[in-house]
Amino acid sequence: MAQVAESYYFENPEVNPQLPQRRRRRRKKFRLWRLVVLVVALAYFLAPLYAGVKFALQNDLGKFSFWAFTSLPSEQGFSGAFFLSMRLAFFTAAVELILMVPTAIFVHIRVPKLRPIMDFVTILPIVVPPIVLIVGVLGSAPLWLKSSPYLLSIFYVVLAMPFVYRSLDAGLSAIDLKTLVEASRSLGGSWIRTLWSVIMPNLRAALLSATALTLALVFGEYTMANLDGWTTMPVWIAQFQQSDAHVTLAASMALLIGTWLLLSLIVAADRSQSRRSRRKAGTP
Amino acid sequence: MTDVQASTTAGSGPGASSGGASVRLENLVRTYGKVRALDGLTLSIEPGEFVAFLGPSGCGKTTALRVLAGFEHPDSGRVVVDGKDLSNVNAQKRDMGMVFQSYSLFPNMSVLDNVAFGLRMRHQNGGQRRTKASELLELVGLGDQSTKYPHQLSGGQQQRVALARALAIEPRVLLLDEPLSALDAKVRAELRDQIRSLQQRLAITTVFVTHDQEEALSMADRVCVMSSGHIEQIASPATLYARPTTAFVAQFVGISSRVPVQMDGKEVVIFGQRCPVRTSESGDVSGPIDALLRPEDVAIEVDPQGSGFITHKSFFGATTRLVVQIGEIPVRVDVRSDVGADLALGEHVRPRIIARDVLVAPRGQVEIPSEV
């Protein structure tokens with residue numbers, strides 16, 4: 001009883017005039033702590049970027065110049081590497097989604113007991129070093145495949161699988177998949193129509209995030225492309241670094257900004273579609 | 001809630017089925033591992049009839065509905081609709097509209113598009129689809145909500161849209177899988193009336209699964225009480241309540257108190273009073289037996305020398321339910337509320353059987369009522 005009375009006194013601002021002041025002080029202290037964490041985190045991430053951008057915006061004499069950026073397209077091998085990376089990125093994303101979307105849906109609807117096993121299996125590519133994967137396959141792959149850059153895509157599909165599966169798994173868990181599928185089927189929807197008209201639109205955010213992660217992974221992968229002998233963007237950057245550090249850094253920054261823009265575009269497209277839907281429904 | 005349009009007549013208007021279909025479930029067996037969810041279920045449903053599957057969790061009622069819908073395939077047995085064996089026809093082609101327990105509207109589509117979805121799958125043109133979907137939304141009282149999205153509707157509104165969507169395809173059979181269980185009591189009662197009213201107007205064969213006996217008894221033409229994958233009894237709500245043929249039905253439907261009794265020929269003696277035993281399809285019972293008493297089967301009189309005393313009182317509006325402790329046995333008794341108001345807890349009473357006969361069953365555990 002004494003404890004209750006004590007708590008009542010200390011927690012009630014009407015009987016304890018010191019309380020609001022103490023709370024304000026505590027809140028202030030907490031905010032300051034958060035600000036410090038934010039500044040340190042920002043410095044950690046932004047300082048290397050700042051250094052990179054600064055270096056890329058200097059000429060050989062240390063003066064400010066866009067020269068490294070403007071000369072990029074005409075540098076030997078740049079456009080080839082850029083378009084190869086683009087082709088591989090989009091091809092990988094397409095293959096990844098074609099394989100993983102039906103798989104994830106099948107596991108969720110038909111064999112939900114397999115989900116823990118899938119969680120384990122799809123994490124394996126993170127555990128196995130990329131170099132082990134590519135050395136093994138390069139030794140046994142047929143020549144026609146070894147001579148194609150799309151062999152890399154096969155590896156990239158494996159590498160991106162953990163991120164894509166998790167993204168899709170989270171998206172599928174967020175909707176009542178079984179009921180939606182059964183509702184569509186009972187209304188006469190075929191599996192394809194159900195997938196296209198009911199499941200995919202409700203997985204939009206998960207699909208976008210899976211695609212974005214795949215694109216980012218392919219644009220940044222170096223080890224496998226280098227061992228397979230293909231000059232993708234990261235390989236070109238590593239090779240050209242010996243000729244001109246300003247240009248390679250400009251390329252790295254351009255790649256970073258390009259990837260960021262791409263992701264922003266995807267997110268913006270998603271938001272604009274949601275806004276359109278809301279407006280159509282007559283709500284703000 | 002807007003009332004259903006009175007102009008809609010049976011068999012015509014939006015959502016009208018092409019005449020209710022007859023349904024026959026023949027000896028259905030469905031097992032999951034060692035569990036026999038359906039154990040030789042056999043049932044016939046007349047065209048336009050409203051049948052409710054009622055039973056406790058795990059009795060197989062939802063499995064039976066899912067087998068009928070085509071979402072589950074039986075290990076053996078047949079599903080026959082209008083004389084046609086649908087056992088090997090998949091859900092997509094069965095022409096059965098279904099309303100689910102959880103909100104099953106497609107979140108990416110507006111209310112109108114949801115209702116028109118089944119018509120789109122049937123390749124009807126855009127104008128026809130919109131017209132019909134709008135008519136159905138009017139029918140369920142949601143004509144002004146057609147441009148909204150599911151997340152902007154209440155639970156009750158979502159289930160009404162789901163009902164309109166199921167009716168849009170003019171299904172041969174309407175399947176309702178506990179569609180009211182997620183709703184609050186007031187909305188549930190309103191929607192219950194609306195579903196029943198629509199079903200009668202459209203004369204559509206309907207199968208309704210529920211664990212709520214009040215829902216089943218108030219809506220259905222016949223109630224099918226299930227237990228352990230088989231049918232305990234199928235009868236009209238009134239018959240089921242008044243003439244249960246098994247102890248399970250007597251216990252599950254309505255409220256029953258079990259009172260140990262001795263058989264004496266075709267009668268039993270309860271509280272010193274001789275009562276005829278109700279003839280039961282389950283046949284004669286031997287060994288120790290209990291009488292199953294409904295609250296309205298027993299009357300009480302205040303008597304300081306009486307064998308029972310009142311331990312609980314629950315007010316239900318017109319009636320008050322009492323629990324009268326008679327020896328070791330708690331017996332539930334309904335009295336008029338004005339009578340109940342004068343009775344005090346602990347007051348001694350004398351019980352008297354007023355039913356013309358009583359149902360008996362092999363002696364089981366006497367349960368202390370959780371619901372009085």
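These legends accompany close-up views of a predicted two-chain model.

**View 1. Chain A is built from helices.** Let's start with the chain as a whole: chain A has 15 helices and zero strands. Of its 284 residues, 27% count as buried. Among contacts in chain A with a separation of 6 or more, 75% are between residues 24 or more positions apart.

**View 2. Helices H9 and H12 of chain A pack against each other.** H9(A), residues 150-173, and H12(A), residues 204-220, have axes 9 Å apart and pack at an angle of about 160 degrees. Angles over 145 degrees count as roughly antiparallel, so H9(A) and H12(A) belong to that class. Their crossing is right-handed. From H9(A), the contact takes in Tyr156(A), Leu159(A), Ala160(A), Phe163(A), Val164(A), Ser167(A), Leu168(A), Ala170(A) and Gly171(A). Facing them from H12(A) are Ala205(A), Ala206(A), Ser209(A), Ala210(A), Leu213(A), Thr214(A), Leu217(A) and Val218(A). If you sort the residues of this contact by type, you find 13 nonpolar, four polar and no charged.

**View 3. Chain A meets chain B.** Here 20 residues of chain A are in contact with 24 residues of chain B. On the chain A side, the elements giving two or more residues are H10 (177-186), H11 (191-202) and H15 (245-280). H10(A) supplies the largest share, six residues. By type, the chain A side divides into six nonpolar, nine polar and five charged residues.

**View 4. Helices H2 and H4 of chain B come together.** Now over to chain B, where the axes of H2(B), residues 111-121, and H4(B), residues 155-168, come within 7 Å and cross at roughly 25 degrees. H2(B) passes H4(B) in a right-handed crossing. The H2(B) part of the contact consists of Val111(B), Asn114(B), Val115(B), Ala116(B), Phe117(B), Gly118(B) and Leu119(B). H4(B) brings Val161(B), Ala164(B), Arg165(B) and Ala168(B). Eight of the contact residues are nonpolar, two are polar and one is charged.

View 5. S1(B), residues 23-32, pairs with S2(B) in the antiparallel sense over eight bridges. To find your way along this pair, look for Leu28(B), whose bridge partner in S2(B) is Leu41(B).

**View 6. A five-stranded sheet in chain B.** This open sheet, also in chain B, has the order S15-S19-S16-S17-S18 with antiparallel pairing. S15(B), residues 298-302, and S18(B), residues 329-336, stand at the edges with a single partner strand each, so one side of each has no neighbour in the sheet. On average, neighbouring strands are turned by 40 degrees against each other, direction ignored. S17(B), residues 319-326, and S18(B) pair in the antiparallel sense over eight bridges. A handy landmark is Thr320(B), which stands opposite Val335(B) in S18(B).

Terms used
Residues numbered from 1 in each chain as written. Chains lettered and ligands numbered in written order. Predicted model: local features only at pLDDT ≥ 70, side-chain atom pairs only at ≥ 80, totals over all residues. Axes fitted to C-alpha atoms, helices over the stretch in contact; angles between N-to-C directions. Helix = DSSP H or I, 4+ residues; strand = E, 2+ residues; numbered from the N terminus. Left-handed = near helix turned anticlockwise from the far one by under 90°. Contact = placed C-beta atoms within 7 Å. Nonpolar A, V, L, I, M, F, W, Y, C, P; charged D, E, K, R; others polar. Pairing = 2+ DSSP bridges. Buried ≥ 20, exposed ≤ 12 C-beta atoms within 10 Å, placed from the backbone. Parallel < 35°, antiparallel > 145°, perpendicular 65-115°, else oblique.
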